[in-house]
Amino acid sequence: SDDDDADDDDKKPPPKPPARKASGSPGGREKAADAVKRKSKEADEIRLQKVPHAGKYRAWRLSAIQAIAAKSGRPAEAVTFLSQAYAPDATLESLASCSHDFISLDYKIATAVLQASEGMTDLHLSLLLMAEQAIEKGKLLTGRQALWVVAKDAATAANRGALYAFKDLQAVKLAGLANLGSFLTNFKATLAGCKPPISDDI
């Protein structure tokens with residue numbers, strides 16, 4: 001009867017809602033990975049400030065690391081990658097290769113350093129020669145190699161400047177005890193003008 005049919009309808013369980021795809025499903029993870037990849041895309045080009053003289057090299061190096069890391073798409077990993085160029089035991093050979101993840105970034109850095117060194121004639125020629133020698137061997141100059149060369153050039157220039165400053169100090173003579181005050185004044189003035197400052201090791 002109609003009443004019996006109505007009672008049967010009341011006893012039926014309510015329909016289940018449509019199943020939702022779990023956020024942790026393969027499809028969801030792939031979409032999330034694609035979104036992260038798009039967001040952390042490596043820049044097509046890297047530009048650096050012109051390489052300065054030794055006195056301003058430290059600031060340039062910090063600025064270069066910041067700029068490269070920001071363009072890498074993986075800043076934290078890039079800083080670790082770049083720091084290897086400044087390790088005490090780093091050599092041109094140890095910096096000649098890197099993991100597949102950083103190959104393109106490494107070559108972009110080399111191009112950027114070559115362009116940034118154009119105002120430093122000797123340094124720029126050294127880098128060009130290294131790049132040419134690498135190409136002759138079927139390879140390319142890497143960015144970390146270029147950064148290593150810039151660091152060594154700056155250290156050499158700084159040491160040379162310290163040596164010249166030391167010679168200036170040696171030229172300050174004491175002409176008798178009566179002139180001790182004048183000697184100390186000249187010595188302190190010469191010492192204050194040394195760029196870079198005289199190290200205790202000299």
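This report looks at the chain as a whole and then at residue E42.

## The model

This is a predicted model, in which local features need pLDDT of at least 70, side-chain atom pairs count only at pLDDT 80 or more, and totals for chains, interfaces and linings use all residues. Residues are numbered from 1 along each chain as its sequence is written, and side-chain values use heavy atoms, with hydrogens and water left out.

## The chain

The chain has eight helices and zero strands. Helices here are DSSP runs of H or I with at least four residues; strands are runs of E with at least two; both are numbered from the N terminus. The order from the N terminus is α-α-α-α-α-α-α-α.

The chain holds 202 residues, and 28% of them count as buried. Buried means under 20% relative accessible area, with a 1.4 Å probe and protein chains only. The accessible surface is about 14,200 Å², by the Shrake-Rupley method with a 1.4 Å probe. Carbon and sulfur atoms hold 56% of that surface.

Contact means heavy atoms within 4.5 Å. Among contacts with a separation of 6 or more, 66% link residues 24 or more positions apart.

## Residue E42

Where is E42? E42 sits in the loop between α2 (26-39) and α3 (57-72). E42 counts as buried because its relative accessibility is 15%.

Leaving out residues up to four places away in sequence, E42 touches K71, S72, R74, S104, L105 and K108. Another, of 2.8 Å, joins the side chains of E42 and K108. A polar contact is a pair of N or O atoms within 3.5 Å; within protein, one must be able to donate a hydrogen and the other to accept it, and residues adjacent in sequence count only if both atoms are side-chain atoms.

Methods. Buried means under 20% relative accessible area, exposed over 50%, partly exposed in between (1.4 Å probe, protein chains only).
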